[in-house]
Amino acid sequence: MIFGGLFYFLRPYEFLKESFRVPQQALNLFTQSTTNMLQLNYIRDNKDEVIKRLSVKNFKDADTIIQQVIDLDNSRKAAQKQADDTKAEANTLARQIGELMKTGKKEEAEQLKAKTAELKNTEKTLDDKLKNIEQEVQKVLVTVPNLPHGSVPAGKTPEDNAVVFEHGTVPVLHAAAQPHWELAAKYDLIDFELGVKLTGAGFPVYKGKGARLQRALINFFLDRATAKGYNEVQPPIVVNEDSGYGTGQLPDKEGQMYHVGIDNLYLIPTAEVPITNIYRDVILKESDLPIKNCGYTPCFRREAGSYGKDVRGLNRLHQFDKVEIVQIAHPATSYEVLEDMRNYVASLLMELELPFRTLKLCGGDMSFASALTYDMEVWSAAQQRWLEVSSVSNFETFQTNRLKCRYRDEKGKTQLAHSLNGSALALPRIVAALLENNQTENGIRIPKVLIPYCGFDSIA
């Protein structure tokens, strides 16, 4: 996955397990919580099922790691019982000391006071032990990805993804057709070399009608989202550790996120991060669900080691624009919401007259936090290949568990909500496909739906 909401989990899980560092603030937050990434009670009660589902994501050593979690939790429970028993004994002695003092038996009272002091020391030792075990549980749990939905196909590579929908006719171009990076230079739309001068590779400069096309797409996507019932928000484009941890980007900051070291902040890889974190530590009303937000932001990602034809032009960038849709949904309806989001993104591609296909990602190509993901790919006529432009995912309770995003049901009990997000849409590859697919010998045609936004009907 490239431009979807979770492109930053591209590295093997073995590397993730070695490199994960839990931010201390986040660790403190979760050791105080009664829930975990994958809830401990669910792991204990469904050990074999958890291991089986993790195997679909090709998560190595799942049986060993899950057993480690259970063993650590057993140790935690034992330490908790010891601590509780010690406190109870100390409380009992305190009452006995009071009675002895009332009856003048000071010598016996002093003996019990000495024993109480020993119990207080034991209690502190046990509390420290309990805290250390809880932190160890968290350190292990953050290496475990979300469980895939039962419908996720098995597989290891993008070639194993299942095509579930196709739409549109692949255009036939004229003999002198060019890829988008050549069209961008020909019509002075995008200057890649100037971006290198100003910043570096992967930071293009949009110019003239190229800049206006970008702005037109952003406004088009936002207008369509708000018409669909999404509330537009304009979030910060830098976030703190707790925000990155809450939605599952951290740990792993060394990989795909730009880190502002002095302030310990991160440039966002997607608006999903700040928008979803709006609901961190929030208890919602059940009647409020689903909550629908959308937002436009620039997005930033590191692409260390990327090279070759797949990164030419707009194919892969360090900075790009994207409109994101995010929903907080009721667990009973979140998969209906996912299908609605998928169909909504498909409708945008239809309006843009782009041939596309929808893929259900296999376990090996899914992100760390996702339970089920659909990718949308548009056809690049000049490059003769599919380009991913959107990922739409249901995370179930994986993010909301970290975020402590809950709702209060009709019985007054708090329950974890489900979170979902999708690119609607990421601009670079949309622009690439629009330029390539609509080129003629006399210029580039603008899709009808964009003409009111662009103020022009062709680039010539």
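## Chatting through a sheet and its surroundings

Student: Where should I start? Which residue in β12 is the bridge partner of L359?
Tutor: That's D375. Keep in mind that we're looking at a predicted model.

Student: OK, and how do β11 and β12 run, and how many bridges join them?
Tutor: They run antiparallel, with five bridges between them. Strand β11 covers residues 356-360, and β12 covers residues 372-380.

Student: What holds strands together in general?
Tutor: Strands in a sheet pair through backbone hydrogen bonds, and the pairing can be parallel or antiparallel.

Student: So what does the whole sheet look like here, and in what order do the strands come?
Tutor: It's an open sheet of eight strands, ordered β1-β11-β12-β13-β16-β10-β9-β4, and the pairing is mixed.

Student: Which strands stand at the edges?
Tutor: β1 (162-167) and β4 (231-232) do. Each has a single partner strand, so one side of each has no neighbour in the sheet.

Student: Which helix packs on the sheet, and what does it touch?
Tutor: Helix α15, residues 427-437, packs there and touches β10 (319-329), β12, β13 (385-394) and β16 (418-426). The direction of α15 makes about 30 degrees with that of β12.

Student: Switching topic: which residue does the cis peptide bond join to P290?
Tutor: L289, and omega for that bond is about -5 degrees. P290 sits in the loop between β8 (283-285) and β9 (291-300).

Student: And what about the peptide bond from A424 to L425, cis or trans?
Tutor: Cis, with omega near 10 degrees. L425 is in strand β16, and β16 is one of the strands that α15 touches.

Student: What's the phi of D61?
Tutor: Near 60 degrees, which is a positive value in a residue other than glycine. You'll find D61 in the loop between α4 (47-56) and α5 (62-102). D61 is partly exposed, at 47% relative accessible area.

Student: Where does D281 lie, and what's its phi?
Tutor: D281 is in the loop between α12 (272-277) and β8. Its phi is positive too, about 60 degrees, although D281 isn't a glycine. With a relative accessible area of 41%, D281 is partly exposed.

Student: Where is M350 found, and why does it count as partly exposed?
Tutor: M350 is in helix α13, residues 334-351. Its relative accessibility is 36%, and partly exposed means in between the buried cut-off of under 20% and the exposed cut-off of over 50%.

Methods: Residues are numbered from 1 along each chain as its sequence is written. This is a predicted model: local features need pLDDT of at least 70, side-chain atom pairs count only at pLDDT 80 or more; totals for chains, interfaces and linings use all residues. Side-chain values use heavy atoms; hydrogens and water are left out. Helices (H or I, at least four residues) and strands (E, at least two) are DSSP runs, numbered from the N terminus. Buried means under 20% relative accessible area, exposed over 50%, partly exposed in between (1.4 Å probe, protein chains only). Two strands pair if DSSP finds at least two bridges between them. Contact means heavy atoms within 4.5 Å. Axes are lines fitted to C-alpha atoms, for helices over the stretch in contact, and angles run from 0 to 180 degrees between N-to-C directions.
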